[in-house]
Each structure stands twice: as structure tokens, then as C-alpha cells.
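Keep the sequence and the model side by side while reading.

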Amino acid sequence: MATLQDYRDERLRKLAELRELGINPYPAQSYRTHTTHDVVSKFDELEGQTVTITGRIMGIRKFGKLAFIVLRDQSGQVQLFLHAPDVAPLEASEDRIGMNELPLLDTGDFVEATGEVIKTKTGEISVGVKSLRLLTKALRPMPTELTDKEQRLRRRYVDMSVNQEVRERFLRRSKFWQATRDFMTQHDFVEINIPVLETTAGGADATPFVTHMDALDQDFYLRISHELPLKRLLVAGYEKVFDIGARFRNENYSDEHLPEHVAMEWYWAYVDWEKGMNLTEDMIRFIVDKTWGRRQFTLADGKMVDFGADGEHFPRMSFVDVIKNEYGLDVFESSIEEIAAKLKENGLEVEKQDNRQRSLDKLWKKYRKTIAGPVFLIDMPTFMQPLAKTQPGNPQLTEQFNLVFGGSEMCKAFSELNDPIDQYHRFLEQQKLRDAGDDEAQMMDIDYVEALEYAMPPACGLGFSERVFWSLEGVSAREGVPFPALRTEIDETTKAIYPDITL
């Protein structure tokens with residue numbers, strides 16, 4: 001049975017033969033005039049006209065003086081019909097190959113074909129090739145199918161080429177973020193990119209990645225959130241700002257967590273959480289309309305999610321009531337020992353560094369898995385949210401809302417705390433948690449406190465990640481990004497092919 005190395009050796013032989021013929025197997029120029037989709041969708045308009053199309057060879061069949069090539073580009077695929085008397089012969093100066101050189105082509109190669117748009121005798125829309133150029137010689141065979149999950153994730157470029165649904169998923173991912181950007185700009189928000197490297201990691205409960213900047217001889221953190229720099233922009237006088245980009249959280253993989261992922265955050269001056277909820281309802285509906293063209297979804301676990309009609313408000317759910325009704329605990333009065341007992345009772349891990357915040361959050365997350373949604377979770381305790389304003393008349397609760405659907409938290413938003421003295425003392429409380437061993441508690445950011453002393457207007461802010469996309473696509477986090485980070489492994493075949501390097 002032929003091995004990958006055998007196939008590669010054969011293609012290297014063909015590559016050498018092409019070079020001997022004077023053909024450049026990797027030319028820089030291409031002259032495409034139409035896509036394969038154009039040829040198929042506009043056949044009535046293009047029939048009889050000469051077009052030049054490009055793409056990857058997905059299949060080759062040759063029968064005497066006839067040959068058929070299936071050519072695919074990003075837009076679709078079409079058949080190339082080659083009739084020997086009609087195909088121009090080899091012309092090395094133009095990197096053109098003739099019928100005699102077809103055996104030097106393989107599936108996976110990229111070619112350029114020029115000819116008339118026709119229908120064959122069997123009714124197949126085709127391009128009757130007059131001229132054929134090799135654009136790129138593939139040295140490894142592209143598989144016809146790829147199902148092994150490990151190989152799919154490690155060679156995602158092959159996965160996307162072979163599995164059309166995977167390729168289409170990332171086109172939708174692009175639409176998802178473009179729709180997000182379009183919604184924000186249509187509502188007069190200004191996109192301002194903020195730093196990835198920060199001297200203090202803040203804006204979320206997460207363990208940051210640490211790196212070192214040689215120029216300043218100082219350690220920096222990769223951002224875990226966009227929040228605090230964007231709120232500094234409110235101090236600067238901007239009233240509606242957002243940013244879309246990667247953030248980094250040094251945590252374990254799960255179906256809904258990746259250490260590196262794309263997120264968006266917006267901040268809107270002179271409004272509170274109520275207007276923020278209204279905007280969020282409009283935003284999520286706009287995004288799903290533009291990305292999927294529908295508002296009803298059946299998720300991977302069977303949950304049904306319906307985002308409803310314009311103007312309908314999502315139901316609200318109280319965090320305090322959930323913990324009371326589901327676990328019999330008072331968020332404010334129950335002891336840490338009582339909470340720990342409930343963790344054990346519900347099969348949840350009790351860790352040495354667990355505090356009230358972390359323990360209650362674990363209980364909530366267990367119940368959250370049962371929620372189809374969409375709902376807004378409200379009534380978050382102040383001690384669990386160091387960056388939000390408290391509710392009027394009840395300083396124990398914050399003006400925070402989390403969008404929940406499909407058993408997951410999809411966004412977090414609140415009326416932003418802009419009292420610098422209050423913020424300073426909340427950071428001190430977070431620092432005590434860090435000192436007690438909670439690596440995810442927020443750091444003291446004295447520069448941010450100083451910024452608030454110059455005055456930040458009342459505002460609402462929201463953040464969400466591509467978890468929204470993963471959930472609605474019905475895929476895990478790793479399946480939902482093009483190139484998930486994996487532990488580096490080099491297989492034996494690769495080591496044999498490249499013996500001159502140390503792997």
C-alpha cells in the first residue's frame with residue numbers, strides 16, 4: 001500500500017519534469033475573469049463567452065482525446081471539458097500546458113483555465129478549455145474525506161478544504177463579526193482599538209498570560225478583557241465606543257472556553273442598564289438575522305432558542321432567587337460552610353481557595369445548564385461584581401445583566417461604576433481575595449482609579465465573546481475557531497520527509 005511519502009515522491013518527480021519542460025509550477029500571476037459560481041449561476045448570460053477561471057483540481061478523468069476536470073474555488077465548483085484538438089499545446093513561456101502534459105497534474109493542484117462557457121452533451125455546465133495553466137503544484141495529496149478529529153484540528157487547512165460545512169462555518173463566523181460591527185456603527189458607536197498588552201490585567205475574573213517586553217524590561221499581561229481601556233475613553237470624552245479583537249485567559253479548554261478567543265465590548269455614556277438591555281435585544285437579533293437569516297435555533301444539546309420578534313423583551317431571572325429556590329441558600333447570610341455543603345451535595349468540587357464568590361458561581365453555573373433562554377440574569381450581588389453600580393435603595397445588588405441562552409452566559413453588562421472612591425475600595429477587596437489565593441480575582445489598577453478621578457460620565461457597558469457564535473452553530477469552542485491551539489506534536493512521516501532539521 002502506497003504511503004504518504006510514496007505519493008509525495010511521485011509528485012516531486014512530476015514537479016521536476018514540469019521544470020524540465022520549462023514550466024514554472026509556481027507562477028506569480030493569474031488572470032481570472034470569473035468565479036465558478038459566476039459560470040453556473042449566470043450561464044444564460046455567459047453561454048458562448050470566453051472566461052478565465054481558477055481553482056483547485058478536485059478530480060481528473062481522461063478518456064482518449066477527452067478529459068474532464070472538476071475545479072473548485074471559494075464560490076463553488078464547475079467542470080472543465082477538454083477536447084484535445086481544441087486545447088492549446090504546451091507553451092513554456094506562458095506556463096501553459098497541453099493535453100500531453102495532463103498526466104503531470106494531480107488532485108490538489110491549482111490551475112487556470114480559459115475557454116467558452118458551454119453545456120456538454122449530458123447537460124453539464126462546463127468551461128470548454130482552450131488554454132490551461134498550472135498555478136500551483138501540490139506535493140501532498142488532498143484526501144477525499146477527513147473524519148479523524150485530531151487530524152482535522154491539526155491540519156485545519158485540509159479540514160476546511162475537504163469538509164465544506166467547516167469551510168462555510170468560518171464564512172459565517174466572518175459574517176457574525178461583520179454584523180456586530182455593522183450594528184455598532186449604525187448606532188453611532190466608534191470602533192477604537194485598544195492595547196493587547198497591559199501592565200495590569202483587569203475587567204474580568206480570569207488568570208492572565210504573562211509576557212516580557214524587552215524594550216521596557218518589564219512584564220506585561222495579555223488582556224483578559226477590553227473593559228478598562230475602553231472606559232478610559234469615556235473619561236477622554238468619547239460617548240459611544242467599542243472594540244472587537246482577541247483576548248486571552250489562561251484557563252482550561254472546554255466546549256465553551258478557549259484560552260484565546262475573539263470578543264467585543266461596547267460602552268455607552270449617559271445611559272443605564274435598562275437601555276443597555278434594550279440595545280442588547282436589538283443587537284442579538286440583528287446579528288442572527290445577518291449571519292443565519294433566522295431567529296429560532298435548535299442547539300447541539302437539543303435546547304430550543306427563539307430570540308422573538310422586534311420589540312419583545314427577554315424574560316428576567318434573579319440570581320438571588322435562583323440560589324434561594326434551587327439550593328435553599330441565602331446569598332448574603334449563608335455561611336461558607338453551608339455553601340460548601342451544597343457544592344458537595346450537587347457533585348461540585350470544593351477547592352481550598354474557594355470563597356463565597358467562587359462557590360456561589362459554581363452553583364449558579366450548574367443550574368444555568370438547564371436554561372434554554374434567552375433570559376437576562378439580574379440581581380448580581382455587589383461582592384461578586386467589583387465594576388458595576390449598585391441598585392438604588394439596595395447597595396447589596398448591582399445593576400448588572402447577563403444574557404443567558406443554551407445553558408451558557410453569553411454576555412455580561414452593567415451600569416458602570418464611576419465613583420473613584422468606591423472603585424478603589426472594591427479593588428482593595430479583590431486584592432484581599434488574590435492575597436488569599438484566588439488568582440482570578442481582579443488586580444488593583446490604580447491608574448484606572450486615577451482616571452475615574454478625572455470623572456467618567458454615567459454609562460452602560462457590555463461584553464460578549466464568540467461563544468455566542470459557537471453555541472448557535474452547535475459546535476464546541478475548538479470546532480468554532482479556524483486554528484485552535486494544540487500541544488505541538490510532529491509525526492514520524494514528517495520527521496522522515498524533513499531529515500535535515502531538528503524537530
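The side chain of Ser415 reaches the backbone nitrogen of Trp273, at a distance of 2.9 Å. This distance, like every other value here, comes from a predicted model. Ser415 belongs to strand β20, which covers residues 408-415. Is Ser415 buried or exposed? Its relative accessible area is 2%, and because the limit for a buried residue is under 20%, Ser415 counts as buried. Leaving aside residues up to four places away in sequence, Ser415 touches Asp272, Trp273, Leu387, Ala388, Lys389, Glu399, Ala459 and Cys460.

Strand β20 is part of an open sheet of 8 strands with mixed pairing. The order across this sheet is β7-β11-β12-β21-β20-β19-β16-β15, which places β20 between β21 and β19. Which strands stand at the edges? They are β7 (190-191) and β15 (316-318); each has a single partner strand, so one side of each is left without a neighbour in the sheet. At the β15 end, the partner is β16 (residues 375-378), and the two strands pair in the parallel sense over 3 bridges. Within this pairing, Arg316 has Phe376 of β16 as its bridge partner.

Another open sheet has 3 strands, in the order β8-β10-β9, with antiparallel pairing. Its edge strands are β8 (197-198) and β9 (210-213), each of which pairs on one side only. Strand β8 is joined to β10 (residues 218-222) in the antiparallel sense over 2 bridges. Here Glu198 stands opposite Tyr221 in β10.

With β1 (residues 50-63), the pairing is antiparallel over 7 bridges, and Ile53 has Ala113 in β5 as its bridge partner. With β6 (residues 125-136), the pairing is again antiparallel, over 10 bridges, and Phe110 stands opposite Thr136 in β6. Strands β5 and β6 form a hairpin with 5 residues between them. In the turn of that hairpin, Gly123 has a positive phi of about 90°. In a regular strand, side chains alternate between the two faces of the sheet.

Leu428 lies in helix α12, residues 420-435. Its relative accessibility is 31%, so Leu428 counts as partly exposed.

Taken as a whole, the chain has 15 helices and 21 strands. The C-alpha atoms fill a box of roughly 90 × 55 × 50 Å along the principal axes. Of its 503 residues, 50% count as buried, and Ser415 is one of the buried residues. The chain exposes about 24500 Å², with carbon and sulfur atoms supplying 49% of that area. Among contacts between residues at least 6 apart in sequence, 65% join residues at least 24 apart.

Note on methods
Residues numbered from 1 in each chain as written. Predicted model: local features only at pLDDT ≥ 70, side-chain atom pairs only at ≥ 80, totals over all residues. Heavy atoms only, no water. Pairing = 2+ DSSP bridges. Helix = DSSP H or I, 4+ residues; strand = E, 2+ residues; numbered from the N terminus. Buried < 20%, exposed > 50% of the residue type's maximum accessible area, 1.4 Å probe, protein only. Polar contact = N/O pair within 3.5 Å; in protein donor to acceptor, adjacent residues only side chain to side chain. Contact = heavy atoms within 4.5 Å. Areas by Shrake-Rupley, 256 points an atom, 1.4 Å probe, with all protein chains shown as cover.
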